[in-house]
Amino acid sequence: MKRLKETTMKRYDAGQLRRHLDRLLNAFDSAPYRINQYQVLHCISSTFEAYYPYCDLYDRDAIIDAINDVYRRLGM
């Protein structure tokens with residue numbers, strides 16, 4: 001999957017950004033984030049796969065931060 005341009009991220013709504021993040025997470029065996037029906041969760045402990053709330057599903061800025069974190073982890 002290719003990296004989104006900054007202009008594209010600014011244009012996307014929260015739902016489109018969530019879908020992009022969800023597709024990026026498929027590259028991991030133990031994903032650093034998970035998305036459920038209420039919120040985005042962040043993995044605190046990869047040993048136990050403990051996930052804690054990170055942000056609301058409509059918080060565009062936090063979702064963009066999560067996407068950028070995943071890009072960094074993937075070396076993109």
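This is a predicted model: local features need pLDDT of at least 70, side-chain atom pairs count only at pLDDT 80 or more; totals for chains, interfaces and linings use all residues.
Residues are numbered from 1 along each chain as its sequence is written, and side-chain values use heavy atoms, with hydrogens and water left out. Helices (H or I, at least four residues) and strands (E, at least two) are DSSP runs, numbered from the N terminus.

The expected span of a helix is 1.5 Å times one less than its number of residues. For the 15 residues of α3 (residues 60–74) this gives 21 Å, which agrees with the 21 Å between the end C-alpha atoms. After α3 comes G75, with a positive phi near 75°.

Helix α2 (residues 14–25) contains H20, which is buried at 3% relative accessibility. Leaving aside residues up to four places away in sequence, H20 touches M1, K2, L4, I67 and Y71; contact means heavy atoms within 4.5 Å.

Turning to the aromatic rings, the model has 1 aromatic pair. Rings of Phe, Tyr and Trp (its six-membered ring) pair if their centres lie within 6.5 Å; planes under 30 degrees apart count as stacked, over 60 as edge-to-face and the rest as tilted. Y33 and Y54 form an edge-to-face pair, 5.4 Å centre to centre with 70° between the planes. Y33 lies in strand β1 (residues 33–35) and Y54 in strand β3 (residues 50–56), so the pair ties together parts 21 residues apart in sequence. Y33 is buried at 3% relative accessible area, whereas Y54 is partly exposed at 33%. Another ring, that of Y58, has the charged end of R18 sitting over it, 5.5 Å from its centre (NZ of Lys or CZ of Arg within 6 Å of the ring centre and within 35 degrees of the ring normal).

What about the cysteines? The count of disulfides (pairs of cysteine sulfur atoms within 2.5 Å) is 0. C43 is in no disulfide, the nearest cysteine sulfur being that of C55, 15 Å away, too far for a bond. C43 is buried at 11% relative accessibility, and C55 is buried at 8%.

Conventions: Buried means under 20% relative accessible area, exposed over 50%, partly exposed in between (1.4 Å probe, protein chains only).
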